[in-house]
Protein chains: 2
Amino acid sequence: MIITLNLQKNYGMRIVLVGTGNLATRLGMALHAGNIEIAQVFGRSAAAASQLADLLSCPFTSHLEELLPDADLYLMAVSESALPLLLKNERFHHQFLVHTSGSIPMELLSHTTENFGVFYPLQTLSKQKEVNFRNVPICIEANNKVNLETLQELASLISDKVIQIDSNNRKYLHLSAVFVCNFVNHLYAIGGKLLEEKGLDFQLLRPLIAETAEKAALFLPEEVQTGPAVRNNQPIMDLHLQMLEQHPEWQKIYEVISNDIKRFHPPIHTNS
Amino acid sequence: MIITLNLQKNYGMRIVLVGTGNLATRLGMALHAGNIEIAQVFGRSAAAASQLADLLSCPFTSHLEELLPDADLYLMAVSESALPLLLKNERFHHQFLVHTSGSIPMELLSHTTENFGVFYPLQTLSKQKEVNFRNVPICIEANNKVNLETLQELASLISDKVIQIDSNNRKYLHLSAVFVCNFVNHLYAIGGKLLEEKGLDFQLLRPLIAETAEKAALFLPEEVQTGPAVRNNQPIMDLHLQMLEQHPEWQKIYEVISNDIKRFHPPIHTNS
């Protein structure tokens, strides 16, 4: 019964989606799939806005002066660098504005409007890959109780993991996400390049990548650390550094991470 | 029919498992589950050897002089640092010796015996977590065709991904594995510690960790890189470095990986 009520309430809510990137696309699609109406898509590129509007069965514009003046919520799903400039446009003044960034404090929006909040999905989103939004933690924050409730209801329609979190903690959540997602993905890329140079296929690493992530779903990572650094096996580490001689950047990465693993795990005997 | 023949052949093979660590345990259990007889477990610690022998329903010893003298294969599943010392013991001379290390050249065994090889499972193995060995790539190498065939048959009994790979390429495979597994796991640990300091739960990061790994199963990692560095968003990176001021080691890790992401992805416009 509650779900029905929420659906009805939010179904009547008219949302303008600002942005056409990975986050705007995936978030727009999740809202659309949750029967929440997107009233308009705005994007600087008419082609990108048109493409996303197609997916969301809604109108689009690439001109700020054509922005709907009376939507209930303006979802600013744009990059951290684009946001401040957009906020200067008077079309956004005195609207209910919500940004989607992990690192930008909510208060930035207070210079533009009296009703504002944050709607930050803690997930890596790509146009190429679908994601089950019900599993995506959505971190919300708002300038007052009424707006917070609105965001809570909206978020609950697409995710089972809605958490209220302030700007300061959200900033740390984002920083952690950079380590466990963005940096991790780059280590995958380095692993792939090392194999490529030897004519070996990235495919070989995929079971290892999957298992490493599965372990993190069951244990705390420091409890299941394996490898030469946690065993303090200096000859192997020296060999690896020597093998990386043609890649000084990767040698540096190898060194700083290995040293930090050793710092986390003071030497004890293990033959893992 | 071929499977039956292989089973019979290997069932008759008597294997001594040397080692009681994570790899010895998981490999021993996979062999045992594949109906391959472990004739004896050797471990320096009688307690550890006894525990593993229990799991494998076989005898054990912690004394090298009690090692079975006539097994068909001695599987040296010990750490890279323990192996050279063990090989000096005359019990191993002129036996069929196989080591399980990614980084140790096969030729190391040639000083001890005339029949030797490598049996390297490319996976992170812990006593705490079961793993489906059929998905684990097993990299094999041997000093001659007959021994290679024996290892091929043995590996095929427990895994669907048996690959022949020489010592030099295996060394690079291991190095790649350190990046995509050991280093990745440490980045998970750092992410968790950053949250812990703010009273936030590691659990929040798990959907992100899983999705990042799932993406790597479908795409090449460099094609789906996200985050501040690939967007070349210097203000966010500066903020993150400032937030890490109390953790100079993590600041360094943040810097070297971000710089390498920027090097991989020369700046183009994206609002992902």
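**Labels and their criteria**

Reply: Chain A and chain B bury about 9,700 Å² between them, 68% of it on carbon and sulfur atoms, where buried area is the accessible area (1.4 Å probe) that two parts lose on being put together, summed over both. This is a predicted model, in which local features need pLDDT of at least 70 and side-chain atom pairs count only at pLDDT 80 or more, whereas totals for chains, interfaces and linings use all residues. Residues are numbered from 1 along each chain as its sequence is written, chains are lettered from A and ligands numbered from 1 in the order in which they are written, and side-chain values use heavy atoms, with hydrogens and water left out.

Me: What makes Glu222(B) and Lys193(A) a salt bridge?

Reply: The rule asks for a side-chain nitrogen of Lys or Arg within 4 Å of a carboxyl oxygen of Asp or Glu. The N to O distance between the side chains of Lys193(A) and Glu222(B) is 3.4 Å, so the pair qualifies as a salt bridge. Across the interface of chain A and chain B the rule finds 10 salt bridges. On the chain A side that touches chain B, the elements giving two or more residues are α6 (167-197), α7 (206-218), α8 (234-243) and α9 (248-264), and α6(A) gives the most, with 26 residues. Helices (H or I, at least four residues) and strands (E, at least two) are DSSP runs, numbered from the N terminus.

Me: How many residues of chain A are in contact with chain B, and what counts as contact?

Reply: Contact means heavy atoms within 4.5 Å, and 97 residues of chain A are in contact with 97 residues of chain B.

Me: Which residues have the most contacts inside the largest nonpolar core, and why is it called a nonpolar core?

Reply: The name applies to a set of buried Ala, Val, Leu, Ile, Met, Phe, Trp, Tyr and Cys residues joined through side-chain atoms within 4.5 Å, with buried meaning under 20% relative accessible area, exposed over 50%, and partly exposed in between (1.4 Å probe, protein chains only). The largest such core has 118 residues, and those with the most contacts inside it are Phe179(A) and Phe179(B). Not counting residues up to four places away in sequence, Phe179(A) touches Val184(A) as well as residues of chain B, including Leu187(B), Leu244(B) and Trp250(B).

Me: How do you know that β1(A) and β4(A) pair?

Reply: Two strands pair if DSSP finds at least two bridges between them. Strand β1 (residues 15-18) and β4 of chain A have 4 bridges in the parallel sense, so they meet that criterion. Within this pairing, Val16(A) has Tyr74(A) as its bridge partner. Strand β5 (residues 96-99) of chain A also runs parallel to β4(A), joined by 3 bridges, and there Tyr74(A) is partnered by Leu97(A). Both faces of β4(A) (residues 73-76) are covered, with Leu73(A) and Leu75(A) buried on one side and Tyr74(A) and Met76(A) buried on the other.
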